[in-house]
Amino acid sequence: METLTILGSGAAEGIPARFCDCPVCRSAWENKGKDFRTTSAYAFSERVRVDYGPDSYSQELRFGFRSARMKHLFFTHEHEDHLDTFSMSMRDSGFSHGFAVPLHIYARPTVWNRIRTTFGKNSPVLETLKFHLLLPFQAVELPEEDMTFCPLPANHYHIPGEAVVFAVRHGKARILLANDTGYLPEESWAWLEKANIRFDIVIADCTGALLDWRDHHMGGSWQRAFHDRLRSIGAIDSNTRYVINHFSHNGKALHADLEREFGPDGIEVGYDGMTLPYETGTEK
């Protein structure tokens, strides 16, 4: 049995949002628990992670993931809430010792350009990293992990193709990580339909919460449209754990509000530290 951990479930500003005293943020301060949301990121294990934002260090301390053991880091895109270059600077030998080298970075060019621009071409940090360019629809194999990551173009604030979502295979399990996207581009829908994958787990963007957001992020009726289209092409069924994630206070909803709205449809609401176990079918 393996486990996918949602390290963070919030949008860039988190909930309660920095410098905000709106009704949602005030209630989150009172409720705490699942209404406290840090920036979205995921861990398949200490070795394999997706995104590394400004809250990654606190998430590691809270949930027990040691970054020194990370070997493979996939990025959805280069926005600061998903790529924190200050954290990466701690790989300098003046700050840390004994971490895994190289750390394999899998991303589109905008991620690597931002890392290189931040550190400069002669930085010792860059010497500890190995960059692998992600190409849309071209799978990346991690043989030692029995995993495959296939990047699909997202609908986000970018040149088309620069932000991606991931269709992941881990052993026999199939997982779709699709936050920081609006309703997917048709080319990505075409790939999903042709691939004929039935996902065991789907994590889908719902930044807009109860509001009907379609582009760049989803919410409300467009999240339901995303869910229903996946079902119509056979990508999900009653056995799929379907989880919404990446929430903003601008969506005007607390965790309980989201559960009331989406729970009757079998849609779960993500939260910081949520664990999603799955079977890979491989022996250890």
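Colleague: To begin with the charged side chains, how many salt bridges does the count come to?

Modeller: Please keep in mind that this is a predicted model. The count comes to 17 salt bridges. A salt bridge here is a side-chain nitrogen of Lys or Arg within 4 Å of a carboxyl oxygen of Asp or Glu. One of them joins Arg26 to Asp21, with the closest N and O atoms 3.9 Å apart.

Colleague: Which residue forms a salt bridge with Arg169, and where in the chain do the two lie?

Modeller: The partner of Arg169 is Glu141, and their closest N and O atoms are 3.9 Å apart. This pair links distant parts of the chain, for Arg169 is in strand 9 and Glu141 in strand 7, 28 residues apart. Arg169 counts as buried, at 19% relative accessibility.

Colleague: Which parts does the salt bridge of Glu261 and Arg224 tie together?

Modeller: The side chains of Glu261 and Arg224 meet at 3.3 Å, N to O. Glu261 is partly exposed at 36% relative accessibility, and Arg224 is partly exposed at 23%. Salt bridges may also join into a network, as they do for Glu46, Arg66 and Arg69.

Colleague: Let us turn to the strands. What is the order of the strands in the open sheet?

Modeller: Strands of a sheet pair through backbone hydrogen bonds, either parallel or antiparallel. In this model, an open sheet of seven strands has the order 7-8-9-10-11-12-13, and its pairing is mixed. Strand 7 (140-142) and strand 13 (267-269) are the edge strands, each pairing on one side only. On average, neighbouring strands of this sheet are turned by 20 degrees against each other, direction ignored.

Colleague: Which pairs of strands show the parallel and the antiparallel sense?

Modeller: Strand 12 (residues 241-245) pairs with strand 13 in the parallel sense, over three bridges; there, Val243 has Glu268 of strand 13 as its bridge partner. Strand 7 and strand 8 are antiparallel over three bridges, with Val140 opposite Phe149 in strand 8. The hairpin of these two strands has four residues between them, and Asp146 takes a positive phi near 55 degrees. Strand 8 and strand 9 are also antiparallel, over seven bridges, and Pro151 has Phe166 in strand 9 as its bridge partner.

Colleague: Why is strand 8 said to be largely enclosed by the rest of the structure?

Modeller: Strand 8 is largely enclosed because seven of its seven residues are buried. Met147, Phe149, Pro151 and Pro153 are buried on one side, and Thr148, Cys150 and Leu152 on the other. Helix 5 (residues 186-195) lies across strand 8 (147-153) and strand 9 (164-170), at about 145 degrees to strand 8.

Colleague: Finally, which residues of helix 2 are buried, and which are exposed?

Modeller: In helix 2 (residues 56-63), the buried residues include Ser56, Gln59 and Glu60. These lie on the same side of helix 2, because they cover an arc of only 100 degrees around the axis. The face turned away from the buried side carries the exposed residues Tyr57, Leu61 and Arg62. The buried residues of helix 2 pack against strand 1 (2-8), strand 2 (41-43) and strand 3 (48-50). After helix 2 comes Gly64, with a positive phi near 85 degrees.

Methods
Residues numbered from 1 in each chain as written. Predicted model: local features only at pLDDT ≥ 70, side-chain atom pairs only at ≥ 80, totals over all residues. Heavy atoms only, no water. Pairing = 2+ DSSP bridges. Axes fitted to C-alpha atoms, helices over the stretch in contact; angles between N-to-C directions. Contact = heavy atoms within 4.5 Å. Buried < 20%, exposed > 50% of the residue type's maximum accessible area, 1.4 Å probe, protein only. Arc of directions from axis to C-beta.
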